[in-house]
Amino acid sequence: MAAISPVLAPAETIEKYEVVIGLEVHVQLATVTKIFCSCPTSFAAPPNTNVCPVCLGLPGALPVMNRRAVELGVQAAMALRCGVNAFSRMARKNYFYPDLPKGYQISQFDQPLAEGGWLEIHVQPEGQEPYRKRIGITRLHLEDDAGKSVHEGFKDVDRYSYIDLNRSGTPLAEIVSEPDLRSSDEAVAYLNELKQVIQYIGSSTCDMEKGHLRCDANVSVRLKGAPEFGTRAEVKNLNSFRFLKQAVEYEVARQVAIVESGGRIVQETRLFHTESGETIGMRSKEQAHDYRYFPEPDLVPLRVGEEWQAKLRSQLPELPYDRRARFVTDYDLREYDAQVLTSTRDLSDYYERAAKASEDPKSAANWVMGDLMGAWKAAGVEAADSPVPPEFIGELTTLIKRGEISGKLAKEIFPKMFAERLAPSAIMERDGLKQISDTGAIEKIIDDVLAANPKQVEQYKAGKTAVAGFLVGQVMKASRGQASPQAVNDLLQKKLGA
C-alpha cells in the first residue's frame, strides 16, 4: 500500500500566519582533546578507537574539565556579545539513548556559562528589499557530545544500527537563540552570521560536513496579530543551510495545514529526511523536568573571574561585523562588497593586505572578488593558499591607477601572475608589456588605424560619433593593449576633429 503524502498548506494560506523560529546551535569546540578526558577529537578515526573509560562511561571513571574548552567557549560568548557568568555549574542531563554510554549527558542547566547576547543579521529575501534585524541570544553553555548511531538497511529484517563512540565526549558549545526569527531566510542568515563569528575567533572550524556545526530548529506558527506563541516542534540535527531552509519551510506548511483543518500541533521532536524533503516524527518533546537535571557531583563549579575574562577578551581578533563596518569607512566599499570580503577571516586578511599595498583599494576589492576569486575556484584553492600574494594585487591596481598599464593589459598580466607567481612589474619587464605613453608612437598607430578604416572615419564626420569607440578599440588592439587609453582618446579626438 502506497504511503499517504502529508497535507501541506498552500502559500496563500501560509500568508495568514506568522512563523516563529528559535535555533539551538551546537558548535564543536576546536580542542585537541575531549572535554573531560585526554582522548583525541580527531575526525575519521576507525570506529571506537578514540575512547577511554571516561568517555565510555565506565564505573569509577572521573571527568576532568578541559581548560581550553572553557576558554574557547568564553571567547565565543564574548564575540556573541553575551555576558559571561563568573560562576557556572555543570549538570547531569539524564536520558537513555544507545549512543549515550553514561545514560546522561554532562551539560549546564540553570547556571550556564554565558547569557544575554545578540547578533545583527542581514537578510536578503528573493524578490524583496534587504533588511537588518537584531536576534537575541538566550544563553551559551558547555556540554559533552554523545556518540554516533550509524543506521544501515531499510527493511526490518535487513536493518542494522552500529554505535561509534569516538565522538562521545567531544566538547560542544550550545548557543540558544531567542524566538526572534520569522522566516527560513532569517534562520539561514542567523546561522551564517553565527558561523562566521565563531570561525573568525577560532573557537571552532564550524565544518558542517564533519558535524562541527549543526542546529535544531524550534518552529511554531500563529495567526498574524495573535499574542500567544503556537505549540512548537523541534527539528533535530540540521547540518547545512539548505537543509535548514527546507526543513523550516516544510514544517511551517505542515503545521499551518493542521491548524487550518482544525487539528492540534503536538509538541514533539522531528527529523528532517533529506531525500524526501519532509520532517518525520521521532518522539514527544521532553520538558526540562523530564531530564531530571541535577548538579554534576564529580566536577567542581566553574569560576571565570574578571582577570581571566580580560585576558581572553584581549586575545580576540577584530570581529567580522566590526571589520565590515571599517571596510566600508576606510576603503569606501559598498556594503555588499564588504560582506563578501569578510565572509572568512583568511579572505578579509588577504583583502586588507592588498588594499594597504594599493593606491586604489576599491579597484583591489574588484580584482579580489572577480578575477582572483574566480581563479581560486578554478584551481581549488582558498585565500590562505593563494599563489598570488595580496601585495601583487596591490601593485597591479596601483599600476592601473598611475596609468602605467591599462585594464586590458592588466587582464593579460594577471593569469601569468597566478600561474608563475611573479609580480606584475617583473612580468611587464620580462615580456615587454609596459604601457606606451610616447605620443609619437601612439600617433603612428592611430594614423594606421584611420587609414585602414576610412568608412568609420566618414561616419564619424557625418555625425555618428559613437563610432569613435570602435576606432579606440582598434588602436588598443594594434598596440596589444599597451597604449595609454587616455592618450589614445585625446589624440584620436584631435585627429578626427581636424
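This is a predicted model: local features need pLDDT of at least 70, side-chain atom pairs count only at pLDDT 80 or more; totals for chains, interfaces and linings use all residues.
In soluble globular proteins, nonpolar side chains tend to be buried together. In this model, the largest nonpolar core comprises 74 residues. Within that core, Leu23, Val25, Leu80, Ile175 and Tyr190 have the most contacts. For Leu23, leaving aside residues up to four places away in sequence, the contacts include Ile175, Val176, Ser177 and Leu181. Leu23 also touches Ala187, Tyr190, Leu191, Cys215, Asp216, Ala217 and Leu244.

Helix 9, spanning residues 361-379, packs against helix 11, spanning residues 407-420. The two axes lie 12 Å apart and form an angle of about 40°. Helix 9 is therefore oblique to helix 11, and the crossing of these helices is right-handed. On the side of helix 9, the contact is made by Trp367, Asp371, Leu372, Ala375, Trp376 and Ala379; helix 11 contributes Ala410, Lys411, Phe414 and Phe418. The residues of this contact comprise 8 nonpolar and 2 charged, with no polar residues.

Helix 9 also crosses helix 10, which covers residues 390-401. Here the axes come within 9 Å, at an angle of roughly 120°, so helix 9 is oblique to helix 10. This crossing of helix 9 and helix 10 is right-handed. Ser363, Ala364, Trp367, Val368 and Leu372 of helix 9 meet Ile393, Leu396, Thr397 and Ile400 of helix 10. By class, the residues of the contact divide into 7 nonpolar and 2 polar, with no charged residues. Trp367 and Leu372 of helix 9 take part in the contact with helix 11 and also in the contact with helix 10.

Arg292, although not a glycine, has a positive phi of about 50°. Arg292 is located in the loop that joins strand 14 (278-284) to strand 15 (294-295). Its relative accessibility is 45%, and Arg292 therefore counts as partly exposed. Arg421, likewise not a glycine, has a positive phi of about 55°. The position of Arg421 is in the loop between helix 11 and helix 12 (424-431). Arg421 counts as exposed because its relative accessibility is 56%, the cut-off for this class being over 50%.

How values were computed
Residues are numbered from 1 along each chain as its sequence is written. Side-chain values use heavy atoms; hydrogens and water are left out. A nonpolar core is a set of buried Ala, Val, Leu, Ile, Met, Phe, Trp, Tyr and Cys residues joined through side-chain atoms within 4.5 Å. Buried means under 20% relative accessible area, exposed over 50%, partly exposed in between (1.4 Å probe, protein chains only). Contact means heavy atoms within 4.5 Å. Axes are lines fitted to C-alpha atoms, for helices over the stretch in contact, and angles run from 0 to 180 degrees between N-to-C directions. Helices (H or I, at least four residues) and strands (E, at least two) are DSSP runs, numbered from the N terminus. Angles under 35 degrees count as roughly parallel, over 145 as roughly antiparallel, 65 to 115 as roughly perpendicular and the rest as oblique. A crossing is left-handed if the near helix is turned anticlockwise from the far one by less than a right angle, and right-handed if clockwise. Ala, Val, Leu, Ile, Met, Phe, Trp, Tyr, Cys and Pro count as nonpolar, Asp, Glu, Lys and Arg as charged, and the others, Gly among them, as polar.
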